[in-house]
Every structure is written in C-alpha cells, then in structure tokens.
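My entries follow in the order in which I made them.

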Amino acid sequence: MKGRSGRPPLWSYWIVLPSFVVLWALTAWLLQSPLLPTPLSVLDTLIRESASGELWHHLGATLARVVVAFVLAMAIGTAIGIVMGRSQTTNALFDPLLVLLLNLPALVTIILMYVWFGLVEVAAVMAVVINKVPNVAVTVREGARSLDYRLEEMATVYEFTRWQRLRQVWVPQLFPYLMAATRGGLALIWKIVLVVELLGRSSGVGFQLHMAFQVFDVAAILAYSLAFIAVVQLIELAILQPLERRSSRWRQPEAAHA
Amino acid sequence: MLELRIAGRDFGQPVLGEVFATIERGDRICLLGPSGIGKTTLLNAIAGLDKSVPDEAVIGRGKLRVGYLFQEHRLLPWRSLDANLRLVGASDREAEALLEQVGLSGYGHYLPDQLSLGMARRAALARCLAVKPDLLLLDEPFASLDPVMAGELKALIAGILDSHPDMAMICVTHDGGDAEILANRLWYLDGKPARLQWDDPIGEPGLIDGLLGRLRGLDLTGS
C-alpha cells in the first residue's frame with residue numbers, strides 16, 4: 001500500500017494545504033488588489049453568502065442537477081455498456097455512435113440542447129447526460145466483456161432468473177468498472193453542470209460564478225469554488241470510499257482456511 | 001428419462017461425433033476416455049451449455065433438475081456458502097443440513113475462496129444436491145485432490161447415490177477404480193470425432209474387470 005501509486009500520508013495534506021493558504025495570504029497582502037482577495041475576505045464572503053441562504057440555494061440547485069444527471073447517465077450507460085459487451089451486433093451498431101459522441105465537445109451538446117429545446121431544465125440535464133453516457137458505456141462494456149463465462153454456465157445450469165443473474169453474478173463482477181465510471185462520471189458531471197448553468201440557467205453555482213464574473217467579484221468566485229470543492233470531497237469520503245470498501249471486502253478473505 | 005441424439009459438435013473440426021444413448025432413473029454412468037477427447041464437451045451438451053447442440057438433441061432435459069459439479073467450484077465468490085445454496089432454492093434449514101451432509105457443518109458463513117480445494121468442491125456438491133437433482137453431472141470430481149480427500153469424497157458420493165436411488169448420475173473420470181465404486185454403467189468415449197465406443201452395464205461382479213481390461217488394451221494400442 002505504500003507503493004508510489006498509493007495515496008500520500010494524511011499529514012502531507014495538513015502541511016501542503018495550509019502552506020498554500022499562507023502563500024496566498026502573503027501574495028494578496030503584497031499586491032493589495034481587488035483581483036486577488038485575501039483568504040480572510042474569501043472566508044468572509046463565504047459566511048455572508050451562507051448566512052443569507054444564497055450559497056445553500058445555489059449549491060442545492062447544482063447538487064440536484066448533478067444527482068439527476070448522474071443517476072440517468074449511469075443507468076443508461078450501464079444498460080448500453082452491458083448489451084454492447086454481450087452482443088457483437090449491438091456493439092457494431094453503437095460503437096461508431098460512441099466514437100462520435102466521445103469526441104463531441106461538451107459545449108456543443110449544451111448549445112445544441114439549449115437551441116433545440118430552449119433554456120429549460122430538461123435541456124440542461126439532457127446535455128449533461130448525453131455527455132456522460134458514452135464514458136459510462138465504454139467503461140461498463142469492458143467489464144461486460146470480461147464477465148467470467150464459467151459463472152455464466154453455472155447460472156444457466158442452476159436456472160438463475162434474469163434478476164438473479166444481474167444482481168448476483170454480473171454486478172459484483174462489474175463493480176470495479178461501475179466504480180471507475182462513477183468516479184470519472186462525478187468529476188465530469190460536476191464540471192459540465194457548471195457550464196450548463198453558466199450558459200442557460202438562473203440558479204446554481206455556475207450561474208453565481210457567471211454573475212460574479214460580470215462584476216469581477218473574485219472573492220465570490222473563490223468562495224463558491226471552495227464550497228464546491230468541499231461538497232465534492234464530502235461525497236468522496238462519505239459515499240464513494242465506504243461503498244468501495246464494503247463491496248471489495250470479499251476480495252481479501254481473512255486467512256484462507258487450512 | 002433422457003435421450004441423447006447428438007448429431008455432432010463442431011469447433012471448426014468436429015470434436016464430438018454422433019452420440020445416441022438413453023439414460024434412465026437410477027443409472028450411474030462413468031464416462032471414461034482419453035483426456036481431451038471431449039468428455040466435458042459431452043457433459044456440457046447434456047447440461048444444455050453447448051449452444052451448437054440443439055435442445056432437440058437432448059430429449060427430456062426440460063423437465064429435469066440438473067446438478068452439475070464443475071471442475072472448479074463455481075460458487076459465487078462474493079457470497080457465503082449459505083447464500084450460494086439459498087440462491088439455487090435451498091431454505092436456511094436445508095442449507096444447513098446439506099452443509100452438514102458434506103461435512104461442512106458450521107462453515108455456512110465462509111466465503112468459497114476461504115476454503116481448501118477439497119472443501120470448496122464439497123460445498124459445490126452440496127449446491128448440486130440443493131436443487132434436488134434428477135440428474136447429477138460430475139466432471140472429474142476427484143481431480144487434483146490428495147488420495148485421502150479423494151477417498152473421502154468418493155465415499156460421500158457413494159453414500160449420496162445410495163440415499164437417492166432415483167437419481168441418475170454421469171461422472172467423468174479417467175480412473176477405472178472410480179467406476180468400480182460408483183457406476184453401474186460404463187461409457188467409453190474415443191475416436192475422431194469422438195463417439196461412445198462402449199455403453200455397457202456393469203452387472204455381475206467381475207464383469208467390470210473384464211471391461212476395464214478391454215479399455216486398457218484399447219489405450220495401449222492407442223486407437
């Protein structure tokens with residue numbers, strides 16, 4: 001676990017991040033420019049926005065879009081990925097489309113959705129989903145291709161129902177791929193949702209960043225960014241890591257029975 | 001009970017030739033033959049796992065419950081033994097009784113990969129029984145076990161056969177000694193493409209020695 005690829009020890013975060021804040025404070029103090037506010041004034045803005053309820057309103061709006069887009073993208077992408085991984089015909093049919101969608105800039109999808117469907121919530125969420133589905137499908141397809149045929153035969157002999165096969169045989173094998181899609185997915189969706197909000201919604205962190213940009217309110221931009229980073233980290237620590245630990249437990253059995 | 005009308009099985013070049021046979025309740029068949037001849041292929045065809053063998057080639061399988069002991073345990077590695085047995089329809093109490101029957105009392109909460117090879121194979125055998133099979137398929141059940149464990153498993157299977165007189169069994173093996181203990185019928189698969197060279201009942205004592213003698217003779221000539 002202490003290999004070069006592993007996570008650095010916890011204390012490094014407690015040294016590097018505060019050092020960075022000190023450096024930032026010093027630079028801001030030296031420049032004395034409204035374009036680089038001090039950490040304290042950013043904190044001040046954060047508290048003010050939070051007390052007025054603005055921060056929670058916009059953070060909540062962004063979070064809701066992320067959740068809906070994420071659930072839809074994972075469900076659709078997983079279904080497509082499994083079918084593509086199991087059937088060569090479907091793969092031949094969908095793969096060219098995937099190549100197209102994977103290389104389509106997110107911005108293009110967003111603009112097209114807004115142009116075709118108007119500046120509405122459905123268009124915003126759809127744009128995010130369309131951007132994310134191909135990534136999920138490609139990742140899950142890899143997993144579906146590597147499903148153990150020996151367990152497939154077993155499930156056939158013992159007449160597993162479709163649901164049992166999915167839940168008991170496939171999902172545990174696909175789990176690492178679903179986790180990879182989730183991680184990559186959240187990172188991507190967070191960012192695309194902000195752009196979607198910036199371009200066509202009147203709520204959300206992206207919208208607030210847009211407003212702050214209009215008046216060059218750098219303190220507000222940084223305050224919202226910090227709140228955003230905090231939420232993403234919270235989801236990572238409170239949901240993703242426990243989920244990953246729980247579902248990979250069977251991989252490290254205690255000592256094998258002699 | 002079951003009628004085989006397998007017309008041939010292709011992997012580019014034919015592996016399995018025509019196989020015609022009937023299997024009755026209580027038949028205990030040992031399937032012998034040189035390694036790589038297609039014994040597992042035939043077992044898979046009977047179990048319905050071989051897509052190139054049409055369902056019509058195995059008449060009567062639809063009505064049968066099949067327990068298949070694969071060479072690997074093929075239990076779900078992320079589920080406990082209990083859960084693996086319940087998945088094929090055993091109740092909590094049945095799962096416990098089955099594990100006890102195969103000598104794994106108290107191991108219900110273990111994951112399959114926490115067990116030794118011999119134990120995992122017995123757990124897989126318990127799953128075969130959990131479906132209350134009409135037909136038990138065993139693919140080299142004693143392979144890679146040490147002689148003591150193999151002997152125990154052989155006694156266990158013999159006991160199970162005794163207590164299920166209506167169940168049919170097909171056991172792939174390359175050891176004539178297994179046939180002596182378990183079988184009342186002998187299949188010998190050989191040739192290219194492979195056909196059943198013999199389908200002989202083992203009735204009177206002593207007959208099996210003659211049969212095995214013929215098999216050995218055949219092996220020596222390498223045909």
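I began with chain B and found 7 helices and 11 strands; helices (H or I, at least four residues) and strands (E, at least two) are DSSP runs, numbered from the N terminus. The model is predicted, so I kept in mind that local features need pLDDT of at least 70 and side-chain atom pairs pLDDT 80 or more, while totals for chains, interfaces and linings use all residues. Residues are numbered from 1 along each chain as its sequence is written, and chains are lettered from A and ligands numbered from 1 in the order in which they are written.

I looked up burial next. Of the 223 residues of chain B, 43% count as buried (20 or more other C-beta atoms within 10 Å of the residue's own, C-beta atoms being placed from the backbone).

Then I turned to the largest nonpolar core, which has 122 residues. Such a core is a set of buried Ala, Val, Leu, Ile, Met, Phe, Trp, Tyr and Cys residues joined through C-beta atoms within 7 Å. Helix α6 (residues 121-145) of chain A gives the largest share of this core, 13 residues. I noted Leu31(B) among the residues with the most contacts inside the core. Beyond four places in sequence, Leu31(B) is in contact (C-beta atoms within 7 Å) with residues including Ile170(B), Trp187(B) and Leu189(B).

Last, I checked where the chains meet: 15 residues of chain A are in contact with 20 residues of chain B. On the chain A side, α7(A) supplies the largest share, 6 residues.

Notes. A residue is buried if 20 or more other C-beta atoms lie within 10 Å of its own, exposed if 12 or fewer, and partly exposed in between; C-beta atoms are placed from the backbone. Two residues are in contact if their C-beta atoms, placed from the backbone, lie within 7 Å.
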